[in-house]
Amino acid sequence: MKFQTIHRRSILRQGLSGFAGIALADMLHREDATADVVLHHPPKAKRVVQLFMAGAASHVDTFDYKPVLEKRNGEPWDPGETVELFQSQPGDCFASPWKFKPYGQSGKQLSEIVAPLGDVVDKIAFIHNLIGKTGVHSQGTLLQTTGFNLPGFPSAGSWVSYGLGSENENLPTFVVLPDHRGFASNGAKNWGNAFLSASHQGTVLRPSGKTPITDLFPPDSDFITPESDRAGLRALKQLNAAYAARRPTDDRLDARVRSYELAAAMQLSATDALDLASEPQYIRDLYGIVDEGSHVDDTEINPKAETEFFGRKCLVARRLLERGVRFVQIWSGNDNGFPRRNWDSHENVSRDHGPLALGMSRGAAALIKDLAQRGMLDDTLILWTTEFGRMPCSQGSEGRDHNPFVFTNWMCGGGVVPGTFGESDQWGFRPRDRENATTVYDINATMLHLLGIDHKQLTVRHNGIDRRLTDVHGHVLRGVVGG
């Protein structure tokens, strides 16, 4: 299979229309969804989980240990160059409020707020020299989710859906599990399909919400009955057929019809995936699931609540993956509000990062262990990311400003070679080797490589340009993939 071949709709353009065209389009869609995909090289991974820390997680308080900040804590910070920050002037050297210590056979230094990951640290590849292009949340988030810092481009999950197709007709290929308090910067643009078919956009599920899947079931009503529902669907089918017959070159209706068919299939499959009642207690305990569930006290940000919220999404993600979902995006943190419930710790890094990081690391460690014990970690790639890092100097006395100049990503599973690849400088301010920094293009090229895809060949022509997830950049991180 070549990745830029005849689209299903192009067959309809050759003369088929009406019911015959719709039937053929649907048949080919289902064939695409289940057929074996011929890849560019043997894959190591079959599926991806992206863990996104909205608001910009601090690398120097989690994974990137900087002893010099402890030695010079409170002293004037001078990196030897002019520094322009997002909303402040550089303050003094600011040591992490938390202690670091070595974990695993590798002796990797981790902060105490991500200590749960110490149990699996020898399975993780840390990349400490990632650089961004902007210190603006919306643009930085888009860059990490779509590969571009402007809207209008497909998300990484949409590209994976487009390139690999579905393993399950009854569930979406790409699922998004947002923070229960709201979307991060850009909202649905972070998982949008842009110029790819609408069937490749992320489907939002809310495991902690009263209604996990919006509009999947009709509301309680004396007017809506099973008979009237079926009659309405019959009428809708006739109207859709007439509409499609007049517009054989427009694939939007095809995608919309498929979305409704998928919704019908999801009424059983998705509700089963979201039902954690069948999970044994030791698994629920592993992920930090509490009896109160979504009713856990969240009036003040606290580790118990953050562990429940994030851990539940990680457990649901595992259930989705084992049912054939290709790409799951899990969010920690929402857009800015008050009280703050994200990683954007301008005022108080201890208040915000502590609970969020403990909840995240408990859930992420549980996911890694759970996938490993089920034999799924070897072909599941986990990617941890955020829009940028935070500065090694203080903002005020207890906060940190944005740092797009260097930050951390990590990968696990899916053929990844554990270790540390790329370093930041002594401060955690910029890459140690500025000429060989890592970019999101490299991360995405590596992800696609592990999935068996050459990132330069996964293209779609749009507005006269062959677009791809990595734009015109990107190199596979050979150390991370083992050669």
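I began with α10, which has 25 residues and reaches 35 Å from its first C-alpha to its last, close to the 36 Å expected at 1.5 Å a residue. I note at the outset that this is a predicted model, and I read the entries below with that in mind.

I then asked how much of α10 is covered, and found that 18 of its 25 residues are buried, so the helix counts as mostly covered. At its start I looked for a side chain reaching back to the backbone, and I found a side-chain oxygen of Asn348 within 3.1 Å of the backbone nitrogen of Ser350. Just after α10, I recorded that Gly375 takes a positive phi of about 75 degrees.

Next I turned to Asp344, which I placed in the loop between β7 (327-332) and α10 (349-373). Setting aside residues up to four places away in sequence, I listed what Asp344 touches: Gly55, His137, Asn336, Asp352, Arg390 and His402. Of these, I noted that Asp352 falls within the range of α10 (349-373), and that His137 falls within the range of α4 (residues 137-146).

Leaving aside neighbours within four places in sequence, I found Gln144 in contact with Gln50, Phe52, Leu130, Thr385, Thr386, Glu387, Phe407 and Val440. I also checked Gln144 against Phe388, and the two lie 244 residues apart in sequence but 9.0 Å apart in space, C-alpha to C-alpha.

Finally I looked at the whole chain, to set these residues in context. I counted 12 helices and 14 strands in the chain, and buried residues make up 56% of its 483 residues. Among contacts with a separation of 6 or more, 77% join residues 24 or more positions apart. The chain exposes about 20800 Å², and carbon and sulfur atoms supply 50% of that area.

Note on methods
Residues numbered from 1 in each chain as written. Predicted model: local features only at pLDDT ≥ 70, side-chain atom pairs only at ≥ 80, totals over all residues. Heavy atoms only, no water. Helix = DSSP H or I, 4+ residues; strand = E, 2+ residues; numbered from the N terminus. Buried < 20%, exposed > 50% of the residue type's maximum accessible area, 1.4 Å probe, protein only. Contact = heavy atoms within 4.5 Å. Areas by Shrake-Rupley, 256 points an atom, 1.4 Å probe, with all protein chains shown as cover. Expected span 1.5 Å × (residues − 1). Polar contact = N/O pair within 3.5 Å; in protein donor to acceptor, adjacent residues only side chain to side chain.
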